[in-house]
Amino acid sequence: MTTDTETDVFEEHRPVLLGVAYRMLGRVADAEDVVQEAWLRWTNADRSEVREPRGYLVRITTRLAIDRLRQVKARGETYVGPWLPEPYITDFGDAVPDTAERAVLADSVSLAVLVVLESLSPLERAVFVLREAFGYPYAEIAAMLDRGEAAVRQLAGRARKHVDERRPRYEVDPVQRRDLTERFLAAAAGGDLEGLMSLLAPDVRLVGDSGGKAKAPVRVLETADKVGRFLVGVAPKGAADMSFRFLEVNGGPAVLVCSGDKPDSVLQLDVVDGWIQAVYIIRNPDKLTSLATA
């Protein structure tokens with residue numbers, strides 16, 4: 001039986017544990033399952049030997065996430081079309097008052113970065129998340145993973161190099177992204193090709209994730225002409241009962257599109273130098289269930 005104090009300690013650290021698990025797995029349901037398993041381990045642990053609860057809980061969560069990631073690593077081989085992470089509502093609020101720290105957290109949970117993290121090994125991903133997103137010292141990460149510090153530093157260097165080489169450059173200014181998102185939405189919903197073309201970078205990419213369960217491009221679309229014409233082509237379809245709502249998703253502004261009272265898709269943009277560099281559209285219904293009450 002757990003005490004209120006033990007429950008309070010776990011609940012205090014739950015947001016961090018969920019943040020670690022989601023960055024490791026890219027799926028909200030999997031992250032919540034891992035955190036629930038960490039809770040069960042916590043309730044059965046001899047807490048008299050736990051000197052630092054946060055570190056202990058992060059270690060358990062990380063190891064569970066590594067095991068889960070190894071189990072689902074082959075998902076990309078059978079997934080239909082491009083894969084994007086499940087949308088994750090982020091509202092750091094007053095919990096992260098520092099602007100620089102907020103920017104780091106937002107970047108580490110962005111769709112673009114999480115897509116790159118999919119190509120890392122589970123251990124590389126764990127080290128990257130703990131070091132880059134949460135700032136853990138190498139010695140602590142080594143203890144969490146039962147690895148030598150030199151090996152952890154090597155994993156971190158390899159992961160950082162891999163991410164830096166593949167991570168798209170984009171701006172995290174939420175005001176500019178929100179403004180461009182509103183203008184993009186108005187042009188797309190109105191079938192205004194000229195308006196869209198004035199916002200899209202020449203080499204813009206559109207990534208649609210449907211998992212084969214909804215209509216979306218089965219390949220990444222590239223160039224402003226192809227992306228603009230595709231968006232104008234799909235705009236009139238099913239628009240009568242569509243509604244739009246802004247959310248903060250994966251560290252930036254996004255639009256939740258609903259058909260009636262059901263989530264239909266999530267749209268988010270990456271912006272570089274005032275131009276839309278990437279358009280992400282998530283339509284896989286399995287990835288929208290957590291937004292039904294958002």
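Is Tyr56 buried or exposed? In this predicted model, Tyr56 turns out to be buried, as its relative accessible area is 19% and the cut-off for buried is under 20%.

The structure has three aromatic pairs. One of them brings together Phe10 and Trp39, whose ring centres are 5.1 Å apart, with 65° between the planes, making the pair edge-to-face. Phe10 belongs to helix α1 (residues 4-25) and Trp39 to helix α2 (residues 28-44), so this pair ties together parts that sit 29 residues apart in sequence. Both partners are tucked away: Phe10 counts as buried at 0% relative accessibility, and Trp39 counts as buried at 16%.

Tyr56 comes back in a pair with Trp42, and this one is tilted, with 6.0 Å from centre to centre and 55° between the planes. Here, too, distant parts of the chain get linked: Trp42 is in helix α2, while Tyr56 is in helix α3 (residues 53-72), 14 residues away. Trp42 has a relative accessibility of 3%, so Trp42 counts as buried.

Arg131 lies over the face of Tyr138, 4.1 Å from the ring centre. Likewise, Arg178 has its charged end over the ring of Phe246, at 3.6 Å from the centre of that ring.

Now for the sheet. Strands of a sheet pair through backbone hydrogen bonds, and they can do this in a parallel or an antiparallel way. In this model, six strands make up an open sheet with mixed pairing, and the order across it is β2-β1-β6-β5-β4-β3. The edges are taken by β2 (221-222) and β3 (242-249); each has a single partner strand, so one side of each is left without a neighbour in the sheet. For β3, pairing with strand β4 (residues 252-259) is antiparallel and runs over eight bridges. Within these strands, Met242 stands opposite Ser259 of β4.

Helices pack on this sheet as well. Helix α10 (residues 174-189) touches β1 (200-209), β3, β4, β5 (262-272) and β6 (275-282), and its direction makes about 120° with that of β5. Helix α12 (residues 224-234) packs on the sheet too, touching β1, β2 and β6, with its direction at about 50° to that of β1.

Conventions. Residues are numbered from 1 along each chain as its sequence is written. This is a predicted model: local features need pLDDT of at least 70, side-chain atom pairs count only at pLDDT 80 or more; totals for chains, interfaces and linings use all residues. Side-chain values use heavy atoms; hydrogens and water are left out. Rings of Phe, Tyr and Trp (its six-membered ring) pair if their centres lie within 6.5 Å; planes under 30 degrees apart count as stacked, over 60 as edge-to-face and the rest as tilted. Helices (H or I, at least four residues) and strands (E, at least two) are DSSP runs, numbered from the N terminus. Buried means under 20% relative accessible area, exposed over 50%, partly exposed in between (1.4 Å probe, protein chains only). A charge sits over a ring if NZ of Lys or CZ of Arg is within 6 Å of the ring centre and within 35 degrees of the ring normal. Two strands pair if DSSP finds at least two bridges between them. Contact means heavy atoms within 4.5 Å. Axes are lines fitted to C-alpha atoms, for helices over the stretch in contact, and angles run from 0 to 180 degrees between N-to-C directions.
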